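Me: I would like to learn how to read a model of this kind feature by feature, with the general idea set out before the particular case. Could we work through it together, slowly?

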Amino acid sequence: MKRILIVEDEPVIAIALQDDLEAEGYEVEAVSDGATAASRLRDSSWDLVLLDVMLPGKDGFTVLREMRKSGNRTPVILLTARGQEQDRITGLSLGADDYVTKPFSRKELLLRVQAVLRRSAGKAADGYSFGDVKVDPTRGEVRRAGKPVDVTALEFKILLLFLENRGKVLSIDTITQRIWGADTFQSDRVVYTHINNLRGKVEPLPQQPKYIVSVRGMGYRFDG
Ligand code: CA
């Protein structure tokens, strides 16, 4: 059973979240201030933290910063107030995995929770995996059925970009900006070529891609 820690000082929100997540089969604990959150994070292991930003005493950003500093990589979804664009940017730069803006719908929150848990499930302590492929970002290594796969530095960067954005459509523009930089002009053809080469190396049937799929008119999406 996946364990979720809710850190939220508004009882109405905390209770509603806890009920909804328990109804979905998660094991849930709710705490209402940052200091208690920090101690529960130290004492126990969690699959996900829903972290309110505005908390009495120690705020959500401080809790998150301390977590990441101590090497705790548990996925975090921040609960931010409407209109606080800067909060989202700060949160993501501190290592939050996603955010939802209050007031949020229960359905939206559940979808975010499922997406973040799905992403972290494929992200083993030593990297990412899909099918018989393992990717180790620290060592810059790709292995397929245990054997090293010879990928170029660019292919490796593209593969990581996909793995960090599982289930999301990435446009050619987004891929170009993230891989080559915002000011670079890169012909779409070059991007296609790298992606096709990458498919040849990691797809079971490169002609019928299962993981790096084309989304007509929009770009590519990593499934799995
Ligand atoms: Ca609050």
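Me: How many residues does H6 have, and how far does H6 reach from its first C-alpha to its last?

Reply: Keep in mind that this is a predicted model. H6 has 12 residues and reaches 17 Å between its first and last C-alpha, which is close to the 16 Å expected at 1.5 Å a residue.

Me: Which residues of H6 are buried, and which are buried in H5?

Reply: In H6 the buried residues are Glu155, Phe156, Ile158, Leu159, Leu160, Leu161, Phe162 and Leu163. In H5 they are Leu109, Leu110, Val113, Ala115, Val116, Leu117 and Arg119.

Me: How should I read the packing of H6 with H8, and at what angle do they pack?

Reply: Two packed helices are described by the angle between their axes together with the distance between those axes. Here helix H6 (residues 153–164) and helix H8 (residues 188–202) pack at an angle of about 80°, and their axes are 10 Å apart. H6 is therefore roughly perpendicular to H8, since angles from 65 to 115 degrees count as such. On the H6 side the contact is made by Leu154, Glu155, Ile158, Leu159 and Phe162, which meet His194, Ile195, Asn197, Leu198, Lys201 and Val202 in H8. Sorted by class, this contact has 7 nonpolar, 2 polar and 2 charged residues.

Me: Which protein atoms are the donors of the calcium ion?

Reply: The protein donors are an OD atom of Asp9, an OD atom of Asp52 and the O atom of Met54, and they lie 2.1 to 2.3 Å from the ion. Water is not among the atoms, so a site may look incomplete. Along the chain these donors follow the spacing D-x42-D-x1-M.

Me: Are Asp52 and Met54 buried or exposed?

Reply: Asp52 has 3% relative accessibility and so counts as buried, whereas Met54, at 61%, counts as exposed.

Me: Where is Ala81, and what does Ala81 touch?

Reply: Ala81 is in strand S4, residues 76–81, and counts as partly exposed because its relative accessibility is 35%. Leaving aside residues up to four places away in sequence, Ala81 touches Thr101 and Lys102. Ala81 and Val53 are 28 residues apart in sequence, while their C-alpha atoms are 8.1 Å apart in space.

Me: To finish, which residues does Thr176 touch, not counting residues up to four places away in sequence?

Reply: Thr176, which is found in helix H7 (residues 172–180), touches Gly181, Thr184, Gln186 and Val191 when residues up to four places away in sequence are not counted. With 6% relative accessibility, Thr176 counts as buried.

Methods: Residues are numbered from 1 along each chain as its sequence is written. This is a predicted model: local features need pLDDT of at least 70, side-chain atom pairs count only at pLDDT 80 or more; totals for chains, interfaces and linings use all residues. Side-chain values use heavy atoms; hydrogens and water are left out. Donors are N, O and S atoms within 2.8 Å of the metal (3.2 Å for Na, K and Ca); water is not among the atoms, so sites may look incomplete. Buried means under 20% relative accessible area, exposed over 50%, partly exposed in between (1.4 Å probe, protein chains only). Helices (H or I, at least four residues) and strands (E, at least two) are DSSP runs, numbered from the N terminus. Axes are lines fitted to C-alpha atoms, for helices over the stretch in contact, and angles run from 0 to 180 degrees between N-to-C directions. Angles under 35 degrees count as roughly parallel, over 145 as roughly antiparallel, 65 to 115 as roughly perpendicular and the rest as oblique. Contact means heavy atoms within 4.5 Å. Ala, Val, Leu, Ile, Met, Phe, Trp, Tyr, Cys and Pro count as nonpolar, Asp, Glu, Lys and Arg as charged, and the others, Gly among them, as polar. The expected span of a helix is 1.5 Å times one less than its number of residues.
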